[in-house]
Amino acid sequence: MCYAMLLVTFTAISSFADIYKYEDEEGVLHFTDAPTDKRFKVFMRDLKKDRKLRTTFRLAGCARNPEEFEPIINACALEYGVDKSLVKAVIHAESGYNPTAVSSKGARGLMQLMPKTAQDLKVTNSLDPAENIRGGVRYLKFLLNTFKGDETLALAAYNSGLSKVAKFGGVPPYEETRNYVAKVLNYKKNYK
């Protein structure tokens, strides 16, 4: 009962503000939209506020207006039979619509393709939005087929790797992966 109330409250809050969380020494998770302690870290961004910031502050080489990529996303989603709201949510979570994003682990572009994955997908330039999205959507389709349409497992594999999901027989017990899956699925609802 208490968990259901927390979920309803959390869902209501998440549509209006960034959500922050931290886990205390006893393993209790704390969530807020107004952090008062430095231990709170961003758990989920307010999609509308995030989108407004990206379109208001157009800095060179940074996030761009998501609508700019709409034709590519729509074409690739249609070609591979992947829900376009899922593609948009992955791009949002992976790069925040920054086509030149490069992670500390070497993932590149809008859908943050790792070099080996990009090579396997025949993506020659991961920083080219069209190539990156096409490769990323193709990879998402492969993962969705692998997990018989289970978006949660496909997203977990997208984040932590196919071998990790296979090893654990489900979503790996990594906080980063669990947060990633929750964040993408929440973004997907907002892109519907």
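**A tour around helix α6**

Begin by selecting α6, whose buried residues are covered by elements that include α3 (70-80), α4 (84-95), α5 (115-120), α7 (151-160) and α8 (162-168); here contact means heavy atoms within 4.5 Å, and helices are DSSP runs (H or I, at least four residues) numbered from the N terminus. The model is predicted, so that local features need pLDDT of at least 70 and side-chain atom pairs count only at pLDDT 80 or more, while totals for chains, interfaces and linings use all residues. Residues are numbered from 1 along each chain as its sequence is written, and side-chain values use heavy atoms, with hydrogens and water left out.

Next, colour the buried residues of α6, among them Ile133, Val137, Tyr139 and Leu140; buried means under 20% relative accessible area, exposed over 50%, and partly exposed in between (1.4 Å probe, protein chains only).

Now select arginine 134 and glutamate 79, whose side chains meet in a salt bridge at 2.2 Å, N to O, a salt bridge being a side-chain nitrogen of Lys or Arg within 4 Å of a carboxyl oxygen of Asp or Glu. Because glutamate 79 lies in helix α3 and arginine 134 in helix α6, the pair ties together parts that are 55 residues apart in sequence.

Move on to lysine 188 and aspartate 83, which form a salt bridge with their closest N and O atoms 3.7 Å apart. Lysine 188 lies in helix α9 (residues 175-191) and aspartate 83 in the loop between α3 and α4, so this pair ties together parts that are 105 residues apart in sequence. Lysine 188 is buried, at 13% relative accessible area, whereas aspartate 83 is partly exposed, at 28%.

How values were computed. Helix = DSSP H or I, 4+ residues; strand = E, 2+ residues; numbered from the N terminus.
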